[in-house]
Amino acid sequence: MLIKQAPDIPSSEITSESVYRRRRQILKAMLAGGAMMAAHPAMALDRYALESDDKRYPGPDWLQTKLRAAKAGDPVTGESLTPYTDVTGHNNFYEFGLGKEDPKAKAQNFNTDPWKVEISGEVGKPGTYTLEDLLKPHALEERIYRLRCVEAWSMVIPWVGFPLGDLIKRFEPTGNAKYVEFTTLQDPAQMPGQRSFFSTLDWPYVEGLRMDEAMHPLAILAVGVYGDALPPQNGAPLRLVVPWKYGFKSIKSIVRIRLTEEMPKVTWNQTAPSEYGFYANVNPKVDHPRWSQATERRLPSSLFSPHIIDTRMFNGYADQVAHLYSGMDLRKWF
Ligand code: MTE
């Protein structure tokens, strides 16, 4: 990315694996008693009793009801969750500034309700929907994923969402649909980065996937994190999460999903084509022209405890997604 050096993230308490597992055991026991679950529907969320006084973002009532019914996700074996403080305080959202702390500082009044999403292009049933209507047929589930930023830091995040492929199927893609293009809201009045003289990107922010990538069950649309609604700095009210790709593919605050025959012109690729490819699959063997991609800094990290780990092919999801790229030269299609 066109990077402004971020100040070091303060090391904060991480939810230990044992505490997390104990909470999950309690939750599983509760789920076993389905009647109890019905009587106390809020329990699914309460497993994330936060250890700091961080701000929660409950979202509108209809969303809270759906979030509370979300199925719990499986932990990432051997890896702790990144604390809520870091997930919601160290962000890339250039519409709200270039610094890692800008989105949290500047997005608090971002209006995400009501919200509309346009579904257009190569679909049998185009239209514009309120977020509530768009989500209505989809049950939410938790997905705990690694997020690997192209800048070589990473997190483990418990998202709440639903498979993108399920939504695409509903709108009946035509035979010409080969790609999916996503667009973020453009609203300079609310998004200071879009009216900044120093902005290096053309707005609105656009991302895209090949159709088979979009239909892959790991690709989700997220509406929540840590059991509650997405905070504005994390891309409320609707964002993409594609865990085997660099984080910049996971576009935030989506207002349009368009199916296309042509490969979409996506923001970072258009800005610096020699540095950011359309595919952007996490790949430790293909370095960014200005830095290595062999390792990453897992947050929380500090000067004295940098927590550097090896980066894995497809961010550790190779078993599930490598077949999508068989026969492709991943140095050329980076
Ligand atoms: N989406 C929009 N609209 N604008 C952005 O600047 N940044 C991307 C991605 N989605 C970005 C975006 C990048 S570079 C990353 S690493 C992730 O969001 C970060 O997500 P997070 O802040 O929730 O960790």
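Reader: Where is Val123 found?

Author: Keep in mind that this is a predicted model. Val123 is in the loop between strand S1, residues 116–121, and strand S2, residues 127–130.

Reader: Is Val123 buried or exposed?

Author: Buried, because its relative accessibility is 8% and the cut-off for buried is under 20%.

Reader: How far apart are Val123 and Ile168?

Author: In sequence, 45 residues. In space, their C-alpha atoms are 8.7 Å apart.

Reader: Back to strand S1. Where is Gly121, and how far is it in space from Ala177?

Author: Gly121 is in S1.

Reader: What is the relative accessible area of Gly121?

Author: For Gly121 it is 43%, so this residue counts as partly exposed.

Reader: Switching to helices. Which helix holds Gln64?

Author: Helix H4, which covers residues 61–68.

Reader: And what does the side chain of Gln64 reach?

Author: The backbone oxygen of Pro58, at 2.6 Å. Gln64 is also classed as buried, because its relative accessibility is 11%.

Reader: How far is Leu81 from Tyr226?

Author: They are 145 residues apart in sequence. Their C-alpha atoms are 9.8 Å apart in space.

Reader: What about the backbone of Tyr226?

Author: Tyr226 has a positive phi, about 50°, although it is not a glycine. It sits in the loop between strand S7 (220–225) and strand S8 (228–229). Tyr226 is buried too, because its relative accessible area is 2%.

Reader: What about the phi of Asn315?

Author: Asn315 has a positive phi of about 60°, and it is not a glycine either. Its loop runs between strand S12 (308–310) and helix H11 (318–321). With 2% relative accessibility, Asn315 counts as buried.

Reader: Now cis peptides. What kind of bond joins Asp113 and Pro114?

Author: A cis peptide bond, with omega near 5°. Pro114 is in the loop between helix H6 (102–106) and S1.

Reader: And Trp203 to Pro204?

Author: That peptide bond is cis as well, with omega about 0°. Pro204 is in the loop between strand S5 (179–184) and strand S6 (206–210).

Reader: Which atoms of Arg239 and Tyr94 lie by the ligand?

Author: For Arg239, a polar side-chain atom lies 2.6 Å from a ligand oxygen. For Tyr94, a backbone N or O atom lies 2.7 Å from an oxygen atom of the ligand.

Reader: And where does Asn92 come in?

Author: A backbone N or O atom of Asn92 lies 3.2 Å from a nitrogen atom of the ligand.

Reader: How much of the ligand does the protein bury?

Author: 100% of the 530 Å² that the ligand exposes when taken alone.

Reader: And what kind of space does the ligand take?

Author: The largest cavity.

How values were computed. Residues are numbered from 1 along each chain as its sequence is written. This is a predicted model: local features need pLDDT of at least 70, side-chain atom pairs count only at pLDDT 80 or more; totals for chains, interfaces and linings use all residues. Side-chain values use heavy atoms; hydrogens and water are left out. A polar contact is a pair of N or O atoms within 3.5 Å; within protein, one must be able to donate a hydrogen and the other to accept it, and residues adjacent in sequence count only if both atoms are side-chain atoms. Accessible areas come from the Shrake-Rupley method with a 1.4 Å probe; for residues, only the protein chains shown count as cover. On a 1 Å grid over the protein atoms alone, a cavity is a set of points where a 1.4 Å probe fits but cannot get out, and a pocket is an open set with protein on both sides within 12 Å along at least five of seven lines; lining residues have an atom within 4 Å of a point. A molecule sits in a cavity or pocket if more than half of its atoms lie within 2 Å of its grid points. Helices (H or I, at least four residues) and strands (E, at least two) are DSSP runs, numbered from the N terminus. Buried means under 20% relative accessible area, exposed over 50%, partly exposed in between (1.4 Å probe, protein chains only).
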